[in-house]
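Please look through the sequence and the 3D structure shown here before reading the report that follows.

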Amino acid sequence: MALSVPKAPGVAQMLKDGARMYSGLEEAVYRNISACKEFAQTMRSAYGPNGMNKMIINHIEKQFVTSDAGTIMRELDVEHPAAKLIVMASQMQDAEVGDGTNFVVVLAGALLESAEELLRLGITTSEIADGYEKALEKALEILPSLVSHKIEDYRNVEKVKEVLRTAIMSKQYGQEDFLNDLLSKACVSILPDEGTFNVDNIRICKILGSGLTKSEVVRGMVFKRFVEGDVTSAEKAKVVIFSCPVDIIQTETKGTVLIKSADELLNFSSGEESLLESQIKAIAEAGVKVVVAGGKVGDMALHFLNKYGLMAVRLNSKFDLRRLSRSVNATVLPRITTPSQEELGYCDKVCIEELGDTTIVAFRNEGKDSRIATVVIRGATDNFMDDIERALDDGVNNFKCLTRDGRYLPGAGATEIELATKLSAYADTLPGLEQYAVRKFANALEVFPKALAENSGVNGTEIVNQLYLAHNSESGKTIGFDIESEKAATIDTTKAKIFDLYQAKFWGLKYAVGAATTILKVDQIIMAKRAGGPKPRQAAGSDDES
């Protein structure tokens with residue numbers, strides 16, 4: 001009989017072999033804080049218009065060169081459970097606002113760094129967490145009073161340009177005016193009279209070649225494809241969209257046809273042909289000029305389409321079919337039938353164009369009822385165009401938020417320093433130990449102007465001192481860091497039109513404090529032994545290609 005070896009007393013007795021457990025301040029809390037600090041430090045150098053790029057090669061060896069925090073985190077595949085919490089908070093910010101992901105990570109990292117100093121002084125984690133929550137409550141109370149700009153008429157392109165410029169500038173410093181012009185026109189042109197603005201209605205099509213200044217906005221949709229038949233353009237066209245292939249219809253049940261003579265064979269195939277011809281003729285007689293198919297267009301069908309002068313376009317993606325149907329206001333038909341007038345879409349011009357060596361099919365709608373706009377980006381490399389796409393994506397999300405809430409705060413670190421000043425004064429009024437945490441919260445907010453300055457090659461401490469000096473007076477509320485000066489200098493953000501979205505700051509503060517307090521309240525980490533064998537299957541809808 002085998003001798004059973006007794007397990008060590010304590011938790012090891014309770015768990016399976018190979019399980020690990022860390023508990024207490026040293027093992028759990030400091031360990032979590034140091035992981036989050038490292039992570040935030042990485043992100044901090046990518047903050048602001050002069051943020052450094054990161055080169056990331058993901059698990060399927062795809063290379064990214066970007067300073068966009070959302071992309072960096074998505075591709076990094078963070079393993080550490082505490083750092084993962086910060087990534088989750090940042091993803092929530094991305095879902096809620098679509099911008100300010102880096103703000104969440106940097107603030108959560110700074111709060112944890114400050115908490116570590118307080119823990120070493122002997123203050124408990126629960127007191128620090130309570131202090132942070134009090135400070136957050138006060139900060140959200142102060143925030144509406146700092147609003148420096150409000151946009152009422154978001155159909156005015158010039159007004160929209162003023163506020164979107166900062167969001168684009170933080171990703172593409174130097175190209176912001178050109179991109180801002182493109183994006184503002186695209187967003188305002190498809191804004192519905194009623195209902196909300198849909199981010200998905202701004203499409204982006206990246207075409208290699210030429211330079212960024214050759215980018216343009218197309219009212220309608222653009223596809224990197226070639227037409228199927230001989231007809232290459234149509235104007236004032238009625239469009240029919242099928243989600244099935246345009247070909248001889250396969251029967252639903254299998255059948256056997258017994259053919260006894262050559263005449264029967266000829267009659268059989270000509271019967272199929274005449275059926276297909278009658279279908280396409282009926283479509284042409286309905287006034288249709290463009291046929292869009294979700295599958296292949298058969299040779300025989302193509303012959304008849306050319307015969308009746310119909311333009312044929314094939315789109316493989318069902319999502320593209322849906323978007324096109326929205327753009328031209330058509331109904332997607334599941335099988336080849338003669339469409340009624342209500343099911344047909346309308347497009348001013350469908351044509352083939354050549355950009356560089358790429359052929360595109362453009363569905364242009366110049367009228368007011370165009371529901372989708374496409375920004376065609378030109379550029380020398382795929383990496384460059386991907387980065388431009390991320391900048392435009394941030395701009396579109398900003399526009400979506402300003403249609404809901406048009407309030408803007410002063411940018412360039414002005415809001416953070418003003419909050420820090422007010423919170424320091426608030427900390428002096430608190431009697432308990434929370435006052436230390438509130439003061440540390442105020443100190444943590446200094447990290448933003450500091451990061452902006454250090455990434456621009458300026459002394460961060462000097463800038464923070466100058467900003468505190470300016471914010472001591474009532475008129476200095478909107479003074480921020482001047483990114484364009486060579487020395488440490490400040491600027492009035494309302495004159496320079498540097499605005500940050502109110503929603504982004506509001507949710508950013510909430511999510512960052514939520515993540516930081518959750519991590520602080522962890523006192524034990526218990527890790528089960530990893531299961532052997534293959535990776536568990538991903539949930540449906542996941543884009544993890546591993």
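## An exposed residue and a buried one

Lys529 counts as exposed because its relative accessibility is 57%, where exposed means over 50% relative accessible area, buried means under 20%, and partly exposed is in between, using a 1.4 Å probe and protein chains only. Lys529 is placed in the segment after β18 (524-527), and although Lys529 and Leu15 are 514 residues apart along the chain, their C-alpha atoms are separated by 9.2 Å. This is a predicted model, in which local features need pLDDT of at least 70 and side-chain atom pairs count only at pLDDT 80 or more, while totals for chains, interfaces and linings use all residues. Residues are numbered from 1 along each chain as its sequence is written, and side-chain values use heavy atoms, with hydrogens and water left out.

Arg44, by contrast, counts as buried because its relative accessibility is 16%. Arg44 lies in helix α2 (residues 24-44), and, when neighbours within four places in sequence are set aside, Arg44 is in contact (heavy atoms within 4.5 Å) with Val106, Val447, Lys450, Ala451, Glu454 and Asn455.

## The chain as a whole

The chain has 18 helices and 18 strands, which are DSSP runs numbered from the N terminus, helices being H or I with at least four residues and strands E with at least two. Buried residues account for 48% of the 546 residues in the chain, and the C-alpha trace spans about 100 × 85 × 40 Å along its principal axes. Of the contacts between residues at least 6 apart in sequence, 75% join residues at least 24 apart.

## Nonpolar cores

In soluble globular proteins, nonpolar side chains tend to be buried together. A nonpolar core here is a set of buried Ala, Val, Leu, Ile, Met, Phe, Trp, Tyr and Cys residues joined through side-chain atoms within 4.5 Å. The largest such core has 80 residues, and those with the most contacts inside it are Ile128, Tyr132, Leu143, Phe441, Leu445 and Leu509. Helix α5 (residues 101-120) gives the most to this core, with 12 residues.

Leaving aside its neighbours within four places in sequence, Leu509 has contacts that include Phe103, Leu107, Leu143, Phe441 and Leu445. Apart from this core lies another, of 31 residues, among them Leu212, Ala373, Leu392 and Leu402.

## Two pairs of helices

The axes of helix α7 (residues 157-169) and helix α8 (residues 176-189) come within 9 Å and cross at roughly 130°; such axes are lines fitted to C-alpha atoms, for helices over the stretch in contact, and angles run from 0 to 180 degrees between N-to-C directions. The two helices α7 and α8 are therefore oblique to each other, since angles under 35 degrees count as roughly parallel, over 145 as roughly antiparallel, 65 to 115 as roughly perpendicular and the rest as oblique. Residues making the contact include Val160, Leu164 and Ile168 of α7 and Leu179, Leu183 and Val188 of α8.

Helix α9 (residues 262-285) and helix α10 (residues 299-307) pack at an angle of about 45°, with their axes 10 Å apart, and α9 and α10 are therefore oblique to each other. Their contact is made by Glu273, Leu276, Glu277 and Ile280 of α9 and by Met300, Ala301, Phe304, Leu305 and Lys307 of α10.
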